[in-house]
Amino acid sequence: MVAHLMRMKLAITVNGWKRSTLHLVMSIFLIAYLVLVLAMWGVGAAFLPDLEVQWRGTVLTLAGAAAVLGWIVIPVFFTGVDMTLDPANFATFGIPSRTLVPGLALAGLVTVPGAATLIAYLLSSLAWRDSWPALITAIPTAILGALFCICVSYAVTGLLAAFTGRRRIREIVSIIALVPLMLSGVILSGIVDSVEAAADRLPEIAAIIAWTPLGSFTAAPWAAAEGRYGEAVGQGLLCLAWVAGAVWLWQLAVNRSYTQARGSGSAARASKAGLGLLGRLPGTPAGAIAARSIIYWLKDPRYSASLMAVPLMLVLFWFLGSQSGDYSLMLFMGPVTGFMLGYAISADIAYDSSAFALHVTAGVSGRDDRVGRVGALLLWALPLTLVLTLATTWMAGTWDLLPGLIGLAAGALLTGAGVSAVSSARFIYPVPKPGDSPFATPEGSAMRMLLVSLGSMVVLGLLVLPELILFVVALLTGNILFQWLTLVVGLGLGLSVLWLGIRWGSRWFDRAQAETYQSVLKFA
Amino acid sequence: MSLPDSPGAPVGTDHPAPLPTGRPDAGVQELPDPHTAIAIRGLAKRFGEKIAVNGISLDVPAGSFYGLVGPNGAGKTTAMSMATGLLRPDHGRVWIHGTDVWEEPLAAKRRMGVLADGVRLFDRLTGEQLVTYSGLLRGLDRQTVAERTADLLRVMDLSQDAGKLVVDYSAGMTKKVALASAMIHAPKVLVLDEPFEAVDPVSAANIRDILAQFVASGGTVVVSSHVMDLVQRMCDHVAVIAEGNLLAAGTVDEVRAGRSLEDRFVDLVGGRTNGEGLSWLHT
C-alpha cells in the first residue's frame, strides 16, 4: 500500500516534468537551488559544535519551529496544498483512512519539498556530532519532524477545506495571501526590530517552544546534550504524540471529505435573490456588461486581488513615511492607483475565458462591450482615485500640488482605460482561469503573456509621459502655472486616449469577434 | 475510413438517404429559400493539416427537430461553431432564415439561440442574474427580460436556486441555465451542442418537453448528440457526420431505412469491433 502510494507519487512528479519542458527546467532550477540551500545548511550545522550547547539548541529549535510554521503557512496562503494525491480521489477504492493517511504521509516524503525537509532535519543532527546521546536522539526525532511537517500541513489545509467548502476557502485565502505578500517588507522589519530587542531572551523563548509541536523535534537532542535525559525522553515522547495528533487530524479531514463524497455544491449557501447591480444599472447591453463587470470585481478573486492592493498600498506608503518621517511619498498614491487600475482591465476578455461565447452568440456590438467594461471600471475607479488624491494631499498638507496630482492621477487612469480598451480586445494572452488563484501561473504561451502585458504597460507609460513631465517641471520650478497645465493636459490627453481606445477597440471587436473568441478558447 | 482524396468528392452518394441539395459550385451561391431555418453550403474548415469539416451542405427545414450525430472528433462542434458565428469558416456560407451569418452577423444572431458545448458561463452571477444578463445583452427591455427570466427559470425547475451562484450549480443545472440563457430572446432557431450531456434523466425529459413545445410552435431545433436512441426518439430529421463529411441526411425514417438508427449509424461510420477481445471478463 505505502509502496504503491510512494511509487505513484513519484510517477506523477516525473510525468509532470515530462509534460512541459519549461516545467522541467523550472523544476531543475528549483532542485538545484534546494540542493545548494541544503548544502549550506549542512555545512552550517557541521560548524555548530563550535558554539555553546545552549546557543546550538536555541538556533536549531527556532529553525525547526520555522520549518513547521512554513509547512502550515505556505500551503494555506500561497501554493495551495498539493492535491495530486487528494484523498477524495481514493474514495472509490474503499481504503480505510487509517491505512491511507499514513501511506500518504510517507508518500509525501518523496515529493521535492518533503524530501528536502527530511534531509534538512537529518543534516541538522550534524550539529550534535560531539555528543553521542544527543546524536542518538537527533536522528529519530528528525524523521518524526519531517513526517510531522507533512501531516500537519495536510491536516490544516484539509480541515480548512472540509469545513468551509473548497471554493470559498480557496478564494478567501488567495485574497488574504495578498496581505503578507505586499506587506512583507513591513512585517520583516517589524520582526527584525523585535528580534534585536529580544536577542538575549532567545534561549528562554526556545526553551518554551521546545515543549510545543513547533520545537520538540529539534529540542529533544538539545536536552540530551545538556544531560537532561528525563526532559529529552519527555520531549521525544511528545514528538510521537504530535505526529499521532497530526495524523489523527488529517484522518478527520479525510473522513470528512469521504463523506462529502464529491458533493461539491453542498457548501454553497443560498444567497440573496434578486438582480443586485444588474437591476440597478441601465437595462441596456452596455449597462448589463458594466453591472456584470462590477459584480466580478467583487466576487471573482482574480479581480478582487487588484482591488485589495489599493488599501494595502496605502498601508505600505504610510509605513514607509512613518519610518522616514517624510510622508511626501504618499502623494504618489493617487497617480499610482490610477495607473494600476487603468491597467487592471487590460486582459478583461481573456479573464472571461470561454464564457465570452455568450457575448459572441448574443451579437454584442464592440461599442457596447468596450463601453460597458471600461464604464464599469471608471464608475468606481475615478471617484476612488480622486478621493485618494484629495486625502493624501490633505494628509501631506500640500494643497498647491493638488491640480497637478489630479491631472496626473486622472490622466493615468483614463489613459490606462483607453489602452486597455484596445489591448483587451486585440491581444489575448493566457491569464489565470476562472476559479484559479490570482497567483496561479496560467498555462500557455508565457512569451506572449510577457510581451503583451509589458507592451501595454510601456505604451501606457509613454502616453502618460506628457503630464508626468509637466508635473516634474511644476515640482522643480514651483510654478503654479505648470500645475494647472498638468491638470489640463492630463484630463485632455486621458479623455482623448480613452475615446480613441474605445473606438479602435470596438472596431477590432466587431471585425474579429470570432477570431478573438477562438484565441480566448485556445487559452481557456 | 480515411479522408477522401479531394474535398470535392461527392458525399453520401452510395447511401440510400438522399442529400437535401447537391453540393453547389463554390461560385454559385444563390440566396436560399428564407423558409429554410438553416442553409449550409460548402462549409469547410481546416486546422493545420487536419481537415475538420470537409465541405458540408445541408438544409434544416423550418419547424424541424434536427439531430446531428457523429463519432467523437467528427466535426460536429466545428460545424456548429461555424454556423453560429463562433468560428469563421475557410469556405462556404451559412444562412439563418435567409440571413447570412457571416455577412449580417447581428441580424442572424438575433434569430438564433446557441448552447455551445464545454463552454464556461459567467458563473459568478446567480442563475437569475445570468439569464437576465443574457436577455439584456440582446437588447431586450427590462420588463420583458424579467418576465421571461421568471418563466424560463420556472420551466427549467431552477426557481428554487435562482439566487445561487452558477459556479455552485450541478452539471445538469448548469446546462439548464445555459439553455435558458440561449432561449430568452425567443429565437427562431436553437442550436444546441450536446444539450443532454451530464443532465439527469428527469431534467433531460423536461428539457425534451420544452424543446418539443418549441418545435410544435414553429421553432427549429438542431441538437448534436452521441446517443442514437435519444435522437431517434426525439428528432424528426437527422444528419450523420464522420471525419468532417456529411454521410447522410434527411428525415429519421429516410436515414435509418427500416433499421435502428444506431445500426445504420455504425454501418455508415464503421469502426465496430466484435467484442471478443476480453475473454477473461466472461468468468
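Predicted model: local features only at pLDDT ≥ 70, side-chain atom pairs only at ≥ 80, totals over all residues.

Q: Ok, let me pick a residue. Where is the place of Ser424(A)?

A: Ser424(A) belongs to helix α19 of chain A, which covers residues 402–426.

Q: And is Ser424(A) buried or exposed?

A: Ser424(A) is buried, because it has 26 C-beta neighbours inside 10 Å. Buried means that 20 or more other C-beta atoms lie within 10 Å of the residue's own, exposed means 12 or fewer, and partly exposed is in between, with C-beta atoms placed from the backbone.

Q: Which residues is Ser424(A) in contact with, leaving aside its neighbours within four places in sequence?

A: Those are Ile345(A), Ser346(A), Ala347(A), Asp348(A) and Ile349(A). Contact here means that the C-beta atoms of two residues, placed from the backbone, lie within 7 Å. Take Ala347(A): 77 residues separate it from Ser424(A) in sequence, yet the two are 4.6 Å apart in space, C-alpha to C-alpha.

Q: Switching to helix pairs: at what angle do α13(A) and α18(A) pack?

A: About 45 degrees, with the axes of α13 (residues 285–299) and α18 (residues 366–396) 7 Å apart. That angle is why α13(A) counts as oblique to α18(A). Axes are lines fitted to C-alpha atoms, for helices over the stretch in contact, and angles run from 0 to 180 degrees between N-to-C directions. Under 35 degrees is roughly parallel, over 145 roughly antiparallel, 65 to 115 roughly perpendicular, and the rest oblique.

Q: What kinds of residues make that contact, by class?

A: The contact of α13(A) with α18(A) has eight nonpolar, three polar and three charged residues. Ala, Val, Leu, Ile, Met, Phe, Trp, Tyr, Cys and Pro count as nonpolar, Asp, Glu, Lys and Arg as charged, and the others, Gly among them, as polar.

Q: On to chain B. How many helices and strands does chain B have?

A: Nine helices and ten strands. Of its 283 residues, 54% are buried.

Q: Which domains does the assignment give chain B?

A: Domain 1 is 33–111 + 188–268 and domain 2 is 122–186; such bounds come from an automatic or database domain assignment. Taken over C-alpha atoms, the centres of the two domains of chain B are 24 Å apart. Ten residues of domain 1 of chain B are in contact with eleven of domain 2. On the domain 1 side, α6(B) (residues 201–216) gives the largest share, four residues.

Q: How do α3(B) and α5(B) pack?

A: At about 25 degrees, with their axes 8 Å apart, which means α3(B) is roughly parallel to α5(B). Gly127(B), Leu130(B), Val131(B) and Ser134(B) of α3(B) meet Val177(B), Ala180(B) and Ser181(B) of α5(B). By class, that contact has four nonpolar, three polar and no charged residues.

Q: Last one: how many residues of chain B are in contact with chain A?

A: 39 residues of chain B, against 35 residues of chain A. The largest share of chain B's side, seven residues, comes from α3(B). That side divides into 17 nonpolar, ten polar and twelve charged residues.

Technical notes. Residues numbered from 1 in each chain as written. Chains lettered and ligands numbered in written order. Helix = DSSP H or I, 4+ residues; strand = E, 2+ residues; numbered from the N terminus.
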